[in-house]
Amino acid sequence: MNAKRSAQSGAKSGRLSRLAPAPQKGNGSGSAVVGFVLASCALVVTATWLGAEWISTIILGVPAGLWLIGAALAGRSLMHASKQFVFRTVTLDKSVSNPGTSLQEQAQCGPDMIVTEQDAVASSPEDHQPGLFDAVEQQPDLVLSDSGVHEELGQGSLLQAVLNEQQAESAKAGTIHTQTESGNSDKASASPSRAAILHTVGRCLDLASSGTARIAAHQSDQLSNSHQIHQRLVTWQDHSPTIERAFRIGLDLPKVDADRITSCSPIASHVQWVTLRAGRNDDADCRAHDLDALLRMSDDHHLRICTREHAGFESAWYDWAINPPLFSLVSLFPGRIDPHHATLGRIDLADSAQRSSVMLLLEAAASLSRSRDRLWLADRLKGRLVWDQDSARARAILEHLVRSDALDIAIDDPEPAPLLRIKARLISAWLGSQLWPDEDLLGRGMELCAKILRDEPITQLRHAGILLALGEDEAGINAMTAQCRLLRDSGWSPGCDTLGLVQSEIELGLDSPMTLSRVACGVCLLAAQTPTDCLRFVRDDLADEMRFARWLTGRDAERALLFRLFDAFECDAMSATPRHTGISHAA
């Protein structure tokens with residue numbers, strides 16, 4: 001072994017050595033560190049001035065801004081230390097190579113070898129496969145010329161794999177040389193052929209394209225991992241004590257109307273009003289001024305409310321002024337009612353009743369814009385904490401809408417104003433989404449909404465289901481039978497599997513009166529879409545599900561009520577179907 005090593009030390013082009021980089025001057029001068037600290041301080045102060053109040057939060061007796069500066073210094077030190085790695089220079093010469101052995105076996109380790117953990121990983125073929133990523137991570141310095149190929153890569157790299165294949169295919173591949181510590185290079189007498197160099201370049205391009213395919217294949221996994229990290233940070237932030245920011249509501253109104261709105265007493269604890277210039281891009285203004293909601297008057301004096309929305313975190317209801325279609329059972333009992341905007345129409349803000357209704361709708365839209373599924377991590381860090389529709393604070397705002405006197409006045413109006421219809425539509429959807437509602441509030445609110453929205457099937461069917469939940473069986477069955485007839489005559493078709501939704505409600509329903517309402521409405525939708533002669537089979541399938549439902553345990557009255565619904569739907573469908581007597585009438 002020593003003789004072989006000494007023989008190779010005589011030939012400059014046949015040795016393998018690993019060279020450490022030139023010693024650096026340290027982690028930076030004192031002035032650079034001081035400048036970095038000052039820049040971090042300036043960044044924290046600027047963020048605080050722009051409204052990031054969470055930076056002043058005390059964590060273990062120290063403001064969060066100082067923790068950020070310390071973390072930035074630690075990160076800078078780690079990044080600087082990570083640059084201290086060992087370079088390796090490989091010197092190979094095909095003029096002295098043995099065709100019976102590989103290039104890796106011919107290269108012998110000199111006495112000055114520096115073995116690192118990175119070298120050990122790169123030299124173990126079981127744990128690490130050579131490829132494009134190795135070349136990218138090790139930052140190759142590749143130079144192709146007539147005299148040879150210069151490589152500054154480690155074992156198992158991309159170019160070495162190419163050279164191994166090149167050696168097997170051509171005995172006259174060329175010369176491979178490296179620069180020594182003094183910067184001089186040793187060349188062999190043979191010169192590389194043009195075909196060999198082109199073949200090497202082609203193989204590099206092929207491996208580069210395969211590496212690009214690998215990146216594209218793993219792109220979905222990387223996006224999934226980033227989404228999981230974001231969800232973990234969001235969960236951590238939701239359970240951490242954070243200073244909550246007040247509602248920021250923008251006003252693009254004439255000064256007189258803006259003063260009337262700001263004079264109203266908000267239900268929320270505090271509202272910060274922001275006066276905006278006249279504009280038309282609602283989403284851009286909400287982002288620019290970091291608003292929760294925006295009240296704007298258009299050129300034709302129509303009012304509209306707009307809320308902030310992020311890409312991928314869209315609202316559940318586009319416009320409160322538009323009645324959503326009856327898509328499925330989920331449309332009757334929505335899980336979310338947060339809007340993107342609400343078109344209010346012409347409003348006389350001098351009228352105290354209309355002004356109060358606009359204020360309540362504005363606060364409701366601002367609070368629901370902070371739903372859990374609409375907030376980024378950056379929103380939470382800025383103090384926009386979660387306000388779900390089931391929270392006590394959001395309930396307070398929506399309950400004021402139910403108890404307002406405007407709905408009572410509009411009961412007998414044949415054509416209620418658009419503002420009142422929006423309020424009734426919102427109240428009906430919110431009451432339908434509750435699992436444990438107040439019975440008095442539920443009964444009064446749904447009755448008022450059903451009288452105002454007489455022409456909307458969703459509200460009428462939801463009201464029929466609520467009547468059954470409140471114990472008014474006869475009124476609920478009659479109202480639901482009438483709605484089933486209307487749906488059947490209109491040719492309604494569901495957007496998804498209604499039977500699966502009803503079965504899941506029966507199997508997983510909670511011990512709540514609203515579960516009976518949901519199942520009853522689902523049975524109504526099934527009867528409206530199922531032929532009359534097949535309705536009994538649907539009843540038998542659901543009867544098996546009801547037998548093992550936990551919420552129906554010991555509740556024979558609720559189970560019998562559902563069977564009565566099937567009988568009522570079947571009788572109504574058979575009475576509406578024309579019977580053939582077999583008698584032909586001559587013309």
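User: What is the handedness of the crossing of α20 and α22?

Analyst: A crossing is left-handed if the near helix is turned anticlockwise from the far one by less than a right angle, and right-handed if clockwise. In this predicted model, α20 passes α22 in a right-handed crossing. Helices (H or I, at least four residues) and strands (E, at least two) are DSSP runs, numbered from the N terminus. Residues are numbered from 1 along each chain as its sequence is written. Local features of the predicted model need pLDDT of at least 70, and side-chain atom pairs count only at pLDDT 80 or more, while totals for chains, interfaces and linings use all residues; side-chain values use heavy atoms, with hydrogens and water left out.

User: At what angle do the axes of helix α20 and α22 cross?

Analyst: Two packed helices are described by the angle between their axes and the distance between the axes. Axes are lines fitted to C-alpha atoms, for helices over the stretch in contact, and angles run from 0 to 180 degrees between N-to-C directions. For α20 (residues 473-489) and α22, the axes cross at roughly 35° and come within 8 Å. Contact means heavy atoms within 4.5 Å. On the α20 side, Met-480, Cys-484, Leu-487 and Arg-488 meet Ala-520, Cys-521, Cys-524, Leu-525, Ala-527 and Ala-528 in α22. Ala, Val, Leu, Ile, Met, Phe, Trp, Tyr, Cys and Pro count as nonpolar, Asp, Glu, Lys and Arg as charged, and the others, Gly among them, as polar. By these classes the contact of α20 with α22 has nine nonpolar, no polar and one charged residues.

User: How do α19 and α22 pack?

Analyst: Their axes are 8 Å apart, at an angle of about 135°. That makes α19 oblique to α22; angles under 35 degrees count as roughly parallel, over 145 as roughly antiparallel, 65 to 115 as roughly perpendicular and the rest as oblique. The crossing of α19 and α22 is right-handed. From α19 the contact takes Leu-461, Gly-465, Ile-466, Leu-468 and Ala-469, and from α22 residues including Ser-517, Ala-520 and Cys-521. The class count is 11 nonpolar, two polar and no charged residues.

User: Is Ser-517 buried or exposed?

Analyst: Buried means under 20% relative accessible area, exposed over 50%, partly exposed in between (1.4 Å probe, protein chains only). Ser-517, in helix α22 (residues 513-529), has 0% relative accessibility and therefore counts as buried. Beyond its neighbours within four places in sequence, Ser-517 is in contact with Phe-333, Gly-465, Ile-466 and Ala-469.

User: How are α18 and α19 placed relative to each other?

Analyst: The axes of helix α18 (residues 439-452) and helix α19 (residues 457-469) cross at roughly 150° and come within 9 Å. The two are therefore roughly antiparallel to each other. α18 passes α19 in a left-handed crossing. The residues in contact include Leu-442 and Met-446 of α18, and His-463 and Ile-466 of α19. These contact residues divide into five nonpolar, three polar and two charged.

User: Which residues of α18 are buried?

Analyst: Among the buried residues of α18 are Leu-441, Leu-442, Gly-445, Met-446 and Cys-449.

User: Where is Gln-272, and what is in contact with Gln-272?

Analyst: Gln-272 lies in strand β9 (residues 271-275) and is partly exposed, at a relative accessible area of 33%. Leaving aside neighbours within four places in sequence, its contacts are Phe-247, Arg-248 and Ile-249.
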